[in-house]
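These are my notes from a first reading of one structure. I wrote down each term with its cut-offs as I came to need it.

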Amino acid sequence: MKKITNEESKLLLKTIITLSIIFFFISVADFFFSSKKMLLYPTSIVLLFNLVMLFNINKSNIERFKFLNMSILTIYFSFLCHYFFLDLFFVAIFCLLFLYTLVLFKNLQRIILCSLIIISITFLLFLFREQNNILRSSGDSNLYLGYLRVTAVLAIGLLFYYIADFWFKNKRAPEESLKIVQNENNTVVELVDIFESINRRDNSFMPLFLATNLIFVNKIREICPKINETELEVCALIKLGLTTKEIAIATNSTYKAIESIKYRLRKKMNLESSVNLMLFFNEM
């Protein structure tokens, strides 16, 4: 697999690997210790789909895989609710599904998945009223049921850590960019000075940016030796968090022209179209 280059993709990759390991151990435990092997087939199917997604994480169909996988996970956990009755960790599971949906999806996909999760929670409340635990009634041992619960708690803890780490990094990135930076001549330059120079459009922006981000500029030139000054300026503005529309205004260009420059940058740096350039630059 190719190297993952942004925080969102890293979050997705770590999540898929963790779930694949957890589902593998659940399948093994169900095969050897469950009397009716009720979880073996659905868990194996979800495990297989996670593995397929893992090896396609950098390909063009990642968005479709990601949405389909989240839908399958929601249905799968609803299925588990039916067998476990109302264990408390299912509250955490559906909270996780909500968080991952908010982070990884937008627009119609987010609406569909949130609706599916709400339906699952409603179904869960109905089962609470029904008070039925098929795994326990089928005669499976307390050791087996305890193993499943411990495994679930471990997975939930790791997934909560991944999502919390993702939020922390995304919150910390803009805060760190507000710090005062000193250049080699001990000249103090504040971020506000850089943004004021952008607003003035007086050609003082790049010298100020170079004074505080020389390492970044050198890395860009190293990755992309043929980059021109216009493309370099766009890189700097992207790193500062400006949108395509804002960059177009700051550089007296059109929205389409900036999109074209961003497309060329991805080509020159061998980045896929799904890569968020701002996150990529902030990781450099």
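I began with the rule for secondary structure: helices (H or I, at least four residues) and strands (E, at least two) are DSSP runs, numbered from the N terminus. The model is a predicted one, in which local features need pLDDT of at least 70 and side-chain atom pairs count only at pLDDT 80 or more, while totals for chains, interfaces and linings use all residues. Residues are numbered from 1 along each chain as its sequence is written, and side-chain values use heavy atoms, with hydrogens and water left out.

**Entry 1: the chain as a whole.** I looked up the secondary structure and found 13 helices and two strands. Of the 284 residues in the chain, 44% are buried (under 20% relative accessible area, with exposed meaning over 50% and partly exposed in between, for a 1.4 Å probe and protein chains only). I then took contacts (heavy atoms within 4.5 Å) between residues at least 6 apart in sequence, and 66% of these join residues at least 24 apart.

**Entry 2: the surface.** The accessible surface of the chain, by the Shrake-Rupley method with a 1.4 Å probe, comes to about 16,100 Å², and carbon and sulfur atoms account for 63% of it. I looked for nonpolar patches, which are made of residues with over 30% relative accessible area and no salt bridge, their nonpolar side chains (Val, Leu, Ile, Met, Phe, Trp, Tyr) being joined within 5 Å; a salt bridge is a side-chain nitrogen of Lys or Arg within 4 Å of a carboxyl oxygen of Asp or Glu. One such patch consists of I17, I21, F24, F25, V28, F31, F32, F33 and Y147, with about 890 Å² of accessible area together. Helix α1 (residues 7-33) gives the largest share of the patch, eight residues. F33 lies in this helix, and I noted F33 as exposed because its relative accessible area is 59%.

**Entry 3: aromatic rings.** Rings of Phe, Tyr and Trp (its six-membered ring) pair if their centres lie within 6.5 Å, with planes under 30 degrees apart counted as stacked, over 60 as edge-to-face and the rest as tilted. My search of the whole structure gave nine aromatic pairs. F209 and F216 make an edge-to-face pair, at 6.0 Å centre to centre and 80° between the planes. The F280 and F281 pair is tilted, because the planes stand at 55°, with the ring centres 5.8 Å apart. F209, F216, F280 and F281 form one aromatic cluster.

**Entry 4: charges over rings.** I counted a charge as sitting over a ring if NZ of Lys or CZ of Arg is within 6 Å of the ring centre and within 35 degrees of the ring normal. The charged end of K239 sits over the ring of F216, 4.8 Å from its centre, and that of K66 sits over the ring of F105, 5.4 Å from its centre.

Conventions. Patches are made of residues with over 30% relative accessible area and no salt bridge: like charges are joined within 9 Å, nonpolar side chains (Val, Leu, Ile, Met, Phe, Trp, Tyr) within 5 Å.
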